[in-house]
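Please open the model in the viewer and keep the selection panel at hand.

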Amino acid sequence: MAAAPALPVVARVGLLYDDRMCAHATPDGEEHPENPERLRAIWRKLSAAGVASRCVLMKAKEAEDKYIASVHSQNHIKLIRSISSKEYDSRRNMIARKFNSIYFNKGSSESAFLAAGSVIEVAQKVAAGELSSAIALVRPPGHHAEHNEAMGFCLFNNVAVAAHYLLNERTDLGVKKILIVDWDVHHGNGTQKMFYNDPRVLFFSVHRFDYGSFYPAEGDASHCFIGEGAGKGYNINVPWEHGKCGDADYIAAWDHVLLPVAETFDPDIILVSAGFDAALGDPLGGCCITPNGYSMLLTKLLGFAQGRIVMALEGGYNLRSIANSVTACAKVLLGDKFTIGTPEMEPFESTWRIIQAVRNELKTCWPVLSSKLPENVSLRSRPSHTELYSCSGSESDVEDVEELPDAISSVNVIQVTDDVVSECFSKLNLDEDKIATKTASSNITAEQSPTDSTEPQNDGSVALSKGISALSLTWRSELSKVYVWYASFGSNMWTPRFLCYIQGGKAEGMNIPCFGSHDTSPPIGAMWKTVPHRLLFGRSSTPCWGTGGVAFLNPEINHNENSYVYMYKVTLEQFNDVLFQENRLVKANSGNRKTESPDSPLIGLSEIEFVSRNKAIHLAPIKNSWYSNVLYLGEEDNLPILTMTCPSSDVERFKSGELPLSPPSKTYSTTLIKGLVEGKHLDAAAAANYIDTAATRGL
Ligand code: X5A
Ligand code: ZN
């Protein structure tokens, strides 16, 4: 590890706060977690604690367009520039609705330009050595903002703009390598994309992933996304599987991933995308980093880049938590005496597993990660269902901010999730032996080499085409001649929704579009059937349908059950493309607007043979995905009937309460009912009853 830096006798810590960034607010004063009180609460606490007066106070400065243009499109800059003007008064809200989690008001433009400009301003002073380190209290936040898109409360990607500025506009300052540490509880999707093939920027993001369901709920937040081209190895994701991660988990990620890599990378400066929504008490994050935890994480970073650290505020929605956490960080930067103790809790076993997986993914790029991890570390088992989903009393654990009037702290009364959870546990015993497990031969993590082959667009709603590697051409042409029945039991029973998996786009009620299949021909047949498997609704949210459970079929045969399936006759190639999409294995490549699918099928001809004989095949290469289990449900006109569902181990987890059984959201169940009704199978009342029964009876 690098030696502790020799701090100047008195650290010069920049602190940028500017009331003008409070102008961005909801248009009609609607409550929103990302509100102006966030900045005010932090500022009040820093002042009251006597911390602000020890810093070099700075005011915001608008970023020039040309600097923002290094990471954003001209269109996007123009939109954000004009969105607050009078001409937009009548259209502003409508435009905001086109984005994901965005609002605009008359103050948004100025705030956005000030936020980006502020991070440039402090970064440049730290890089020049005028300041030892700095904190920019900015909003709107930035790390979700993409090249041509505002999202997730973010308008401009403030940290990315500043990083580009240092590297490209201020070569005089000698910054050649930048480490961006994104400890906001959400994945820094925008920042990741902006530097994905740039080895000058090492992007490290630790975030909740929850198997792909946590916001922004894109597969590219997984640890498999390590950068590409010259940037390979310079993108590191540490994706938590669940909430409740705290000091010990983060410190483990620091000690076993971030710090060894940072040591090798040897950055000239560190930019922290400092969201505080992983803090204890945060209404959105569900994690529990304490102020002391943040102090430890930050102290460990001070050992690099001669302590040149720039913190830019991202998320963080509990006013008390963010005020206390930022104050703890400021004290660290000011050099206040503080000793790194051992966190109260042990890391989760999932944390250890994830860290191993991240290290394994990156060890060829960073040999320092190939060393063996310490053994017999004491770990704790994953949080129980109740721990994860009940409204915890964590609020009371949050130190008081005496200076915070009650009226302000009450802005924070927002639910983590509105999960309604069925607490039914079954006495049924699963016989694992009846369900075969096989390691499929597919290598889904193999390097992809998309060619330039561009398919004609079938649907204007998705401006994506396919990147198809030479490797996939072989299996695709082979499997495009084989037909199977794909039996759907969930939202795919509604044909318009299923067609999204074939033709791309989204049907009514869906939050995000599908990529579509390579072969976009519609199914050549469809029919209803019932199967002797129990239908259940589990997990608590999905990117596509929002909060609520989704349908799974218990893989075990149970002759007391009669579940409806709607079967589509599609090619085995299309079935694989559906399987890829269901398991979120299709990636969008923002660079060339293409999509990339795995290079080999999950179900090839030998797997068909296997599954017909053994009734089920567990797809080991995607064992942690939601639909990693393909079932054989019999035959129809000599073709196999296949469906995809959870593995039986997940059924056990549903039974134990480790995974939630949750009723479907309104939009999801509406889709199921439409499928059952429009398929002329049931009338509306019978369909609703069928769904309702499955949703409430548990397992
Ligand atoms: C910056 C940040 C969170 C967006 C959540 C949207 N954004 N549901 O924390
Ligand atoms: Zn966040």
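Which side chain has an N or O atom 2.6 Å from an oxygen atom of ligand 1? Select Tyr-317: an N or O atom of its side chain lies at that distance from the ligand oxygen, a polar contact (a pair of N or O atoms within 3.5 Å). The protein buries 88% of the 310 Å² that ligand 1 exposes when taken alone (accessible areas by the Shrake-Rupley method with a 1.4 Å probe; for residues, only the protein chains shown count as cover).

A note on the basis: this is a predicted model, in which local features need pLDDT of at least 70 and side-chain atom pairs count only at pLDDT 80 or more, while totals for chains, interfaces and linings use all residues. Residues are numbered from 1 along each chain as its sequence is written, chains are lettered from A and ligands numbered from 1 in the order in which they are written, and side-chain values use heavy atoms, with hydrogens and water left out.

Next, select His-144, where a side-chain N or O atom is 3.3 Å from a nitrogen atom of ligand 1. At Gly-152, a polar backbone atom is 3.0 Å from a nitrogen atom of the ligand.

Move to the open sheet of eight strands, ordered E2-E1-E3-E8-E7-E4-E5-E6 with parallel pairing (strands are DSSP runs of E, at least two residues, and helices runs of H or I, at least four, numbered from the N terminus; two strands pair if DSSP finds at least two bridges between them). Strand E2 (56–58) and strand E6 (235–240) stand at the edges with a single partner strand each, so one side of each is left without a neighbour in the sheet.

Within this sheet, select strand E7 (residues 269–274) and strand E8 (residues 309–313), which pair in the parallel sense over five bridges. Leu-271 has Val-310 in E8 as its bridge partner.

Finally, turn to the open sheet of six strands, E11-E16-E10-E21-E20-E19, whose pairing is mixed. Here, strand E10 (residues 483–488) and strand E16 (residues 563–571) pair in the antiparallel sense over six bridges. Select Trp-485 to find its bridge partner in E16, Lys-569.

Key:
Polar contact = N/O pair within 3.5 Å; in protein donor to acceptor, adjacent residues only side chain to side chain.
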